[in-house]
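Have a look at the model first.

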Amino acid sequence: MDANTEELRDAHDKLAEFYAERLAGVLESMPIERAVLDLFCELTLAAELGRDVADVGCGTGRLLPYLAGRGVTPRGVDLAPGMVEVARRDNPGFPYEVGDLRALPFADASLAGVVCWYSLIFLPPESRDAAFAELARVVKPGGHLACAFKDGDGEKRRGGRSVGVEFDAYWLSTGEMLERLGAAGFDLVFQAGRPPEGEELVPQGYLVVRRRRPR
């Protein structure tokens, strides 16, 4: 594990309890986010490729009960063991694994869909090709991927200082997200965004894409 990834993992180990407290129940007050997740679940079920989906970068596991309530069968994976521990405690009843986005613990074309909810904002330039390729590898052709992200300029930022940790973050633009997803083998199905609210510094972006079928 390289130094930056180790720093990111250790920081999120320390942030696990903070996230558990701060994000508990927050989805209930976020209708746009719920709508995107609802669309993802409906599209996944309509594709008839199974119900197995993964929340990649699941953090405290807060999305898994919501996804399960919409008819899919979710599992979580996160880089930080501390996050996985909290997820198992606070949102039990689902499989969780420690894993790296660049080497996911899933077989080829084994998932009907994937959710990446603010988990792609930590990818340095040299890791992006591998990460997006991994997402394409594990999703069945015709399956869907939903992502939420901070719609920024792609420049490196140091995050976490306000809560006593540090790690690198990269807020990729919608354009770069679409370019990389397209190059990896996904086609756009739905695109949305909203202006920043509260402490947010940039707009938030949302994409649902479909894994391209071989011709």
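At what angle do helix α1 and helix α4 pack, and how far apart are their axes? This is a predicted model, so to speak of local features takes pLDDT of at least 70 and side-chain atom pairs count only at pLDDT 80 or more, while totals for chains, interfaces and linings use all residues. Numbering runs from 1 along each chain as its sequence is written, and side-chain values use heavy atoms, with hydrogens and water left out.

Helix α1 (residues 3–23) and helix α4 (residues 81–90) pack at about 25°, with axes 7 Å apart. That makes α1 roughly parallel to α4 (angles under 35 degrees count as such). On the α1 side, the residues in contact (heavy atoms within 4.5 Å) include R9, H12 and D13, and on the α4 side they include P81, M83 and R89. By type, the contact splits into 7 nonpolar, 2 polar and 5 charged residues.

Now the cores, meaning sets of buried nonpolar residues joined through side-chain atoms within 4.5 Å. The largest has 43 residues, and V114, L120, L135 and C147 touch the most other members. Leaving out residues up to four places away in sequence, C147 touches W117, M177 and Y206, among others. A second, separate core of 18 residues includes L27, F40, C41 and L43.

As for disulfides (cysteine sulfur atoms within 2.5 Å), the whole structure has 0.

| Cysteine | Nearest cysteine sulfur | Distance |
|---|---|---|
| C41 | C116 | 14 Å |
| C147 | C116 | 6.6 Å |

C41 counts as buried (under 20% relative accessible area) because its relative accessibility is 1%. C147 is buried too, with a relative accessible area of 1%.

How values were computed:
Axes fitted to C-alpha atoms, helices over the stretch in contact; angles between N-to-C directions. Helix = DSSP H or I, 4+ residues; strand = E, 2+ residues; numbered from the N terminus. Parallel < 35°, antiparallel > 145°, perpendicular 65-115°, else oblique. Nonpolar A, V, L, I, M, F, W, Y, C, P; charged D, E, K, R; others polar. Buried < 20%, exposed > 50% of the residue type's maximum accessible area, 1.4 Å probe, protein only.
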